[in-house]
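Open the model in your viewer and keep the selection panel at hand. The tour goes from one selection to the next and says what is found at each stop.

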Amino acid sequence: MSTERLYFDDPFLHRFTARVVAHGTWNGAASVVLDRTAFYPEAGGQMADHGVLGGLPVRDVQVDDAGTVHHLLDVGEHVTLPAPGLTLDGVVEAERRRVHMSLHTGQHMLSRALLDLAGAATVSSRLGAVCTIDTDQDTLDEQRVAEAEAHVNATIDADLPIRAFFPTPEELAALPLRRAPKVTDHIRVIQVGDFDVSPCGGTHCTRTGQVGLVRVLGVERYKGKGRVLFSAGPRARKELWEEAGTLRALGRGFTCGPLEVPTVVDKLRRELAEAREALGAARAKLAEHTASELAAALDASPDKHVVAVLDGAGPEELRAVAARLTSRPDAVVFLAGRTPEGLAVLIARGASSPFGCGAFLKRAAAASGGRGGGRPEHAEGRLPTSTDWPALVASLRT
C-alpha cells in the first residue's frame with residue numbers, strides 16, 4: 001500500500017495527524033504504517049527523519065518497493081505498537097529536517113556547478129555525517145571545484161525560487177533534466193530557478209537563500225573517481241563557528257590575532273626544526289663521547305663484551321652509541337637507557353661475532369617481565385624500570 005507523502009507539498013511541515021492502517025516489518029523489525037506521513041524515509045542518499053509518533057520516538061523511517069513507508073519506533077518490552085485504526089499525532093524533528101533540506105538542495109546546486117564548470121557529472125551522492133559527491137571524472141581540478149563552489153554561493157545569494165512538482169509526461173519531456181529519472185512514473189522534479197532541473201523525491205528548501213551557504217571541504221580520489229566532500233546550511237555554519245572558535249583560541253594562546261596564527265605557526269615550525277637540528281648535533285656529540293668512554297672498557301674486556309646503563313638515553317641514543325662500538329668486528333654491546341617509560345635496552349654485535357642478540361634479549365625479557373626481541377645481530381626491547389641491567393646480563397651469561 002502506498003503512503004501519502006505530505007512533505008512533497010510542504011517541506012516545512014513538522015506536525016501532522018495520520019491514521020494507522022497496518023503493522024509491517026522492515027529488516028525483521030516491526031513497523032507502523034500510516035495512511036499519510038510527513039516523515040521522510042531514507043532514500044536518494046538522504047537520511048531519514050526522526051521525531052515522535054503517538055508519543056513514541058521514531059528512530060528510523062524506510063520505504064519499500066511498493067511505496068509503503070515503515071515507521072520504526074523505539075518501544076520498550078511492555079509497550080505495544082499503536083493499533084490499526086488509531087489516529088496519531090506526528091512531530092518531525094525540525095532541526096534535523098532543516099539540516100537535510102539544506103544539504104540536499106546544496107548537493108543539487110553543487111552537482112550542477114561541477115557539471116557546468118568542471119565537466120564532472122555526478123554519479124552518486126551521500127548526505128550522511130560526511131556529505132560526498134562522486135563524479136565521472138578520474139581526477140578533479142581543485143581550481144575548477146573552487147569556481148563551482150563560488151558559483152553556487154552566488155546563486156544562493158540571488159535567492160532564486162525552488163519548485164518541487166510532478167510534471168506531466170509532456171512537460172517532463174521538455175525539461176532540461178541534469179540526469180535521467182530513476183523511476184518511470186510519478187516522477188517528481190526539483191527546479192532551482194533557471195539554474196538546475198533534476199528528478200528527486202527528497203526534501204528541499206523553497207528558495208536558494210534558505211540554503212545559507214555551500215562549502216567544499218576537500219577533493220579526493222575514491223575508487224578511481226573524483227570525489228567532492230562538502231557541507232551546507234546549518235551544518236556548514238556550525239562547522240565554521242567551531243573552526244573560528246578554535247582559531248581564536250589559538251590566537252589567545254599565541255597572543256596574536258586569529259589571522260596572524262599561520263604566521264606564528266610558521267615561525268614556531270622553523271624554530272622547532274632548528275631546535276631539532278641542534279638537538280641532533282648535541283646527541284651525536286654525546287654519543288661520540290659516550291662511545292669513546294665505553295670503547296676503553298670494550299678494549300679491556302677479554303671477551304669483547306661491554307655492559308652499560310646510560311641515564312636518560314632512549315632507543316635513538318642507544319643506537320648511536322652502539323653503531324660506534326660495533327664497528328669493532330668482535331664486539332658485543334649490552335646497552336640500557338633509564339627513562340620514565342621504562343628501561344630501554346639494546347644488544348648489538350660486530351660483523352664477525354657469532355653472538356645471538358635476539359635470542360638473548362628474549363631470555364632477558366622473560367626473566368624480567370619485559371618485552372623485546374630482534375635479529376641475531378641486533379635486538380631492542382623495554383624492561384621494567386627497576387631492572388638491574390648489569391646483574392641481569394651477568395646472570396644470563398653464566
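Helices here are DSSP runs of H or I with at least four residues, numbered from the N terminus. The model is a predicted one. Begin at D159, which comes just after helix 2 and takes a positive phi of about 50 degrees.

**Helix 2**

Step back and select residues 142-157, the 16 residues of helix 2. From first C-alpha to last, helix 2 reaches 23 Å, close to the 22 Å expected at 1.5 Å a residue. Colour V145, A148, V152, N153, T155 and I156, which are buried. Looking down the axis of helix 2, you will find these buried residues within an arc of 155 degrees, so they line one face of the helix. On the face turned away from that side, Q143 and D157 are exposed.

Now show what the buried residues of helix 2 pack against: helix 1 (94-118), strand 14 (214-222) and strand 15 (225-232). At the N-terminal end, select D141, which caps helix 2. A side-chain oxygen of D141 lies 2.8 Å from the backbone nitrogen of Q143.

**The largest core**

Next, select M109, L110, L114, V152, V211, V214 and V228, the residues with the most contacts inside the largest nonpolar core, which has 28 residues. Helix 1, strand 10 (131-135), helix 2, strand 12 (189-192), strand 14 and strand 15 each give two or more residues to this core. Helix 1 supplies the largest share, seven residues.

Centre on L110 and leave aside its neighbours within four places in sequence. L110 is then in contact with I133, A148, E149, V152, V214, V216, V228 and F230.

**Helix 7**

Move to residues 357-368, helix 7, which has twelve residues and reaches 16 Å between its first and last C-alpha, close to the expected 16 Å. Which residues of helix 7 are buried? They are C357, G358, F360, L361, A364 and A365. These cover an arc of only 160 degrees around the axis, which puts them on the same side of helix 7. Turned away from that side are the exposed residues K362, A366 and A367.

Display the cover over the buried residues of helix 7, which includes strand 17 (332-339), strand 18 (342-349), strand 19 (371-375), strand 20 (378-383) and helix 8 (389-397). Just after helix 7, G369 takes a positive phi of about 80 degrees.

**V307**

Select V307 in strand 16 (residues 305-311). V307 is partly exposed, at a relative accessible area of 29%. Beyond its neighbours within four places in sequence, V307 is in contact with F334, W389, P390, V393 and R397.

**Aromatic pairs**

The whole structure holds seven aromatic pairs. Show the rings of F16 and F39, an edge-to-face pair at 5.7 Å centre to centre with 75 degrees between the planes. F16 is in strand 2 (residues 15-26), and F39 is in the loop between strand 4 (36-37) and strand 5 (51-53), 23 residues apart. F16 is buried at 7% relative accessible area, and F39 counts as buried at 0%.

Then show F334 and F360, also edge-to-face, at 5.3 Å centre to centre and 65 degrees between the planes. This pair links strand 17, which holds F334, to helix 7, which holds F360. Both F334 and F360 are buried.

Notes. Residues are numbered from 1 along each chain as its sequence is written. This is a predicted model: local features need pLDDT of at least 70, side-chain atom pairs count only at pLDDT 80 or more; totals for chains, interfaces and linings use all residues. Side-chain values use heavy atoms; hydrogens and water are left out. The expected span of a helix is 1.5 Å times one less than its number of residues. Buried means under 20% relative accessible area, exposed over 50%, partly exposed in between (1.4 Å probe, protein chains only). The arc is that of the directions from the helix axis to the C-beta atoms. Contact means heavy atoms within 4.5 Å. A polar contact is a pair of N or O atoms within 3.5 Å; within protein, one must be able to donate a hydrogen and the other to accept it, and residues adjacent in sequence count only if both atoms are side-chain atoms. A nonpolar core is a set of buried Ala, Val, Leu, Ile, Met, Phe, Trp, Tyr and Cys residues joined through side-chain atoms within 4.5 Å. Rings of Phe, Tyr and Trp (its six-membered ring) pair if their centres lie within 6.5 Å; planes under 30 degrees apart count as stacked, over 60 as edge-to-face and the rest as tilted.
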